[in-house]
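This briefing goes through one protein chain by topic.

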Amino acid sequence: MRNILLLSCLAFLATTNTTKAQYWEVSGMGGVTVYHGDLAPDFSMQAPGAAGSFFVRRNVDPRVSLRIGASFGTISASDENSINEYNKARNLNFQSTIFEGSVGLEFNFLPFHHHSQKGRNSNQFTPYLVAGFGVFHHNPKANYKGSLYELQPLGTEGQAPGQEYSLIQPALIIGGGIKIDINSEWGIVIEGATRILFFDYLDDIAGEYADPRLIASHRGSLASAAIGLADRSGELGQNLGRPGRQRGDSKTNDGYTMFTIGILYTMHQSHCPTW
């Protein structure tokens with residue numbers, strides 16, 4: 001992943017010397033993050049979290065831009081909001097904050113924002129597509145008996161110490177939006193972009209219920225919290241957590257989508273006067 005990011009960044013920076021008539025753009029955006037995964041398999045209503053992004057773009061021509069950015073998002077979900085009775089009885093929940101770095105390519109359907117301060121020769125708006133690669137950090141947590149626990153160190157599905165999923169993961173970014181030109185420097189950007197992930201533990205849920213004795217043997221002083229957070233159906237008087245029974249859907253990976261709106265600022269190149 002480090003090699004891919006390094007090569008992408010080098011390609012991004014190389015355009016500063018290889019292409020004429022380029023210019024930089026920066027944008028700050030805010031909005032919501034929507035989680036999709038094992039705690040929302042039936043499109044049950046889950047409260048969206050906050051989202052924020054900052055991007056720097058290098059415009060290669062009126063249609064193509066390279067961008068690098070940093071984003072954050074908060075996500076959460078609970079089985080109590082599910083319309084599925086089994087999921088309600090499962091009674092699991094989580095919350096997490098995501099920090100993401102990304103590189104990507106934008107394609108404008110219409111020539112956009114490629115004009116000088118003296119006049120316009122481009123469209124005042126354009127739809128666009130974006131595709132990219134990101135690396136993000138997440139850390140799912142849940143409240144249990146009045147305390148907030150990080151779930152990954154507890155091995156809630158029987159993982160042995162050292163075999164837990166990584167909190168740093170890659171993602172493919174696919175989305176699109178609209179750019180609206182206000183004047184030669186300022187614009188508005190509206191974007192929706194989903195993250196395609198390669199693992200199923202964004203919410204700490206993926207496989208089967210583990211034997212509580214196995215969890216206890218791995219977690220020592222944290223055994224009581226680990227066992228309690230692995231199977232919370234007992235809090236509702238149920239008994240779902242039999243070893244080997246399905247806890248999550250390992251065939252479908254988790255993901256998240258950011259819907260944001262923000263301001264775009266164009267930094268035009270300055271040219272030396274002719275003497």
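Of the 275 residues of the protein chain, 46% count as buried, where buried means under 20% relative accessible area, exposed means over 50%, and partly exposed lies in between (1.4 Å probe, protein chains only). The model is predicted: local features need pLDDT of at least 70, side-chain atom pairs count only at pLDDT 80 or more, and totals for chains, interfaces and linings use all residues. Residues are numbered from 1 along each chain as its sequence is written, and side-chain values use heavy atoms, with hydrogens and water left out.

**Overall build**

- The protein chain has 4 helices and 10 strands; these are DSSP runs numbered from the N terminus, with helices (H or I) of at least four residues and strands (E) of at least two.
- Along the sequence, the pattern is α-β-β-β-α-β-β-β-β-β-β-α-α-β.
- Of the contacts between residues at least 6 apart in sequence, 76% join residues at least 24 apart; contact means heavy atoms within 4.5 Å.

**Nonpolar cores**

- In the largest nonpolar core, which has 31 residues, Tyr35, Phe136 and Leu202 touch the most other members. A nonpolar core is a set of buried Ala, Val, Leu, Ile, Met, Phe, Trp, Tyr and Cys residues joined through side-chain atoms within 4.5 Å.
- At least two residues of this core come from each of strand S3 (64-78), strand S4 (93-108), strand S6 (141-144), helix H4 (223-230) and strand S10 (255-267).
- H4 gives the largest share of this core, 4 residues.
- Another core, of 7 residues, lies apart from it and includes Met29, Phe55, Phe112 and Leu264.
- Beyond its neighbours within four places in sequence, tyrosine 35 has contacts that include Ile75, Phe94, Leu202 and Tyr256.

**Salt bridges**

- There are 10 salt bridges, each a side-chain nitrogen of Lys or Arg within 4 Å of a carboxyl oxygen of Asp or Glu.
- One of them joins glutamate 100 and arginine 195 (2.8 Å, N to O).
- This pair links distant parts of the chain, with glutamate 100 in strand S4 and arginine 195 in strand S9 (residues 186-197), 95 residues apart.
- Glutamate 100 is buried at 6% relative accessible area, and arginine 195 is buried at 4%.
- Arginine 232 and glutamate 235 also meet in a salt bridge (2.9 Å, N to O); arginine 232 is buried at 8%, whereas glutamate 235 is partly exposed at 46%.
- Arg57, Arg67, Glu106, Lys179 and Glu191 are linked in a salt-bridge network.

**Glutamine 46**

- Glutamine 46 sits in the loop between strand S1 (23-36) and strand S2 (49-59).
- Glutamine 46 counts as buried because its relative accessibility is 10%.
- A polar atom of the glutamine 46 side chain lies 3.0 Å from the backbone oxygen of leucine 39.
- The glutamine 46 side chain also makes a polar contact with the side chain of asparagine 81 (3.4 Å). A polar contact is a pair of N or O atoms within 3.5 Å; within protein, one must be able to donate a hydrogen and the other to accept it, and residues adjacent in sequence count only if both atoms are side-chain atoms.
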